[in-house]
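Welcome! Please take a moment to look over the protein shown here, and then we will walk through its layout together.

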Amino acid sequence: CATGSPNSLAVIAMAEKGCFLHAPDVYMDKIAVGGGLPKGVVDLDNSVEANLKSLAKAKKCDVSELIVCILDRERHQEIIAKVREAGSRIQLIGDGDVAGVIATTNALETGIDLYMGTGGAPEGVLAAAALRCVGGQMQGRLLFSDSTQRERAKRMGISDFSRKYNLEEMAKGNVMFAATGVTNGSMLEGVKRFPGGASTHSVVMRSKTGTVRYIKAQHFFDRKAGGDPAGAL
């Protein structure tokens with residue numbers, strides 16, 4: 001958001017107490033795909049090449065037609081090299097891996113078939129909540145850099161440091177997810193200011209029904225500017 005980069009979101013995920021993985025503020029290794037695919041089509045423990053071949057087979061396309069979304073970080077140079085070696089295309093993003101994961105659920109519009117790489121663990125849980133609502137598959141594994149992080153994780157109830165979490169383990173039960181675009185992105189438009197107010201573009205999802213609602217709203221900060229001060233049109 002600070003640099004005006006795309007895919008900045010304001011998000012919230014809701015579920016009953018204990019339904020979200022209480023993830024510490026560490027890195028998480030993630031892999032995610034959209035819905036309508038065979039269960040286990042990709043796996044964190046498989047090689048990059050094996051995952052791409054499996055996904056291409058499930059989507060009935062060539063590996064060269066797949067687009068993989070990856071955070072543009074030095075730590076991902078090996079993954080990037082292996083994706084290119086396999087022949088798939090890459091979309092690098094500077095930030096916003098929540099949006100990157102969600103983009104896999106609408107590949108026809110976003111062009112993103114697969115998300116992979118490491119990012120924040122709390123953001124991984126948020127992304128898992130969204131996938132629970134709209135369909136998809138995701139796996140995550142917490143990554144710890146030192147004993148201090150492991151001790152903090154223990155205090156949060158995590159004892160198996162090598163555990164591979166699936167989507168339902170990160171976000172289970174009845175889940176709701178909402179996001180509003182701050183800057184323009186692949187899924188939502190950003191906030192647009194006008195004299196006396198602003199317009200917003202939001203999405204609200206619900207796992208119980210699979211309902212996805214997109215909401216475009218105008219918010220009037222000054223009654224003198226006219227319009228409905230309550231906001232939504």
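Is lysine 60 buried or exposed? Lysine 60 is exposed, with a relative accessible area of 78%; here buried means under 20% relative accessible area, exposed over 50%, and partly exposed in between (1.4 Å probe, protein chains only). Keep in mind that this is a predicted model, in which local features need pLDDT of at least 70 and side-chain atom pairs count only at pLDDT 80 or more, while totals for chains, interfaces and linings use all residues. Residues are numbered from 1 along each chain as its sequence is written, and side-chain values use heavy atoms, with hydrogens and water left out.

**The chain as a whole**

- The protein chain has 7 helices and 11 strands; helices (H or I, at least four residues) and strands (E, at least two) are DSSP runs, numbered from the N terminus.
- With a radius of gyration of 19 Å, close to the 17 Å from the globule rule for 233 residues, the protein chain is as compact as a globular protein of that length. The radius is taken over C-alpha atoms, and the rule is 2.2 Å times the number of residues to the power 0.38.
- Along the principal axes, the C-alpha atoms of the protein chain fill a box of roughly 60 × 45 × 35 Å.
- Of the 233 residues in the protein chain, 42% are buried.
- Among contacts in the protein chain with a separation of 6 or more, 62% are between residues 24 or more positions apart; contact means heavy atoms within 4.5 Å.

**The nonpolar cores**

- In soluble globular proteins, nonpolar side chains tend to be buried together.
- A nonpolar core is a set of buried Ala, Val, Leu, Ile, Met, Phe, Trp, Tyr and Cys residues joined through side-chain atoms within 4.5 Å.
- The largest nonpolar core here has 39 residues, and Met138, Leu142, Phe177 and Met205 have the most contacts inside it.
- Elements that each supply at least two residues of this core include β2 (27-33), α5 (121-134), β6 (137-143) and β10 (197-206).
- Helix α5 gives the largest share of this core, 8 residues.
- Another core lies apart from it, with 19 residues, among them Val33, Val48, Leu52 and Ile70.
- Leaving aside neighbours within four places in sequence, methionine 138 is in contact with residues including Ile31, Val101, Leu131, Tyr165 and Met170.

- Alanine 50 sits in helix α1 (residues 48-59) and is partly exposed, with a relative accessible area of 33%.
- The C-alpha atoms of alanine 50 and alanine 129 are separated by 26 Å, and the two are 79 residues apart along the chain.
- Asparagine 51 is also found in helix α1, but at 2% relative accessibility it counts as buried.
- Not counting residues up to four places away in sequence, asparagine 51 touches Ile31, Val41, Val42, Asp43 and Asn46.
- Lysine 60 lies in the loop between α1 and β3.

- Glutamine 137 lies in strand β6 and is buried, with a relative accessible area of 17%.
- Among the contacts of glutamine 137 beyond four places in sequence are Ile31, Gly34, Pro38, Val41 and Leu131.
- Glutamine 137 and lysine 53 are 84 residues apart in sequence and 17 Å apart in space, C-alpha to C-alpha.
- Lysine 154 has its place in helix α6 (residues 147-155) and is partly exposed, with a relative accessible area of 47%.
- Lysine 154 and glycine 140 are 14 residues apart along the chain, and their C-alpha atoms are separated by 18 Å.

**Backbone angles to look up**

- Most residues other than glycine have a negative phi, and most peptide bonds are trans.
- Asparagine 7 has a positive phi of about 70° although it is not a glycine. Asparagine 7 lies in the segment before β1 (9-14) and is buried, with a relative accessible area of 13%.
- Lysine 60 is not a glycine either, yet has a positive phi of about 55°.
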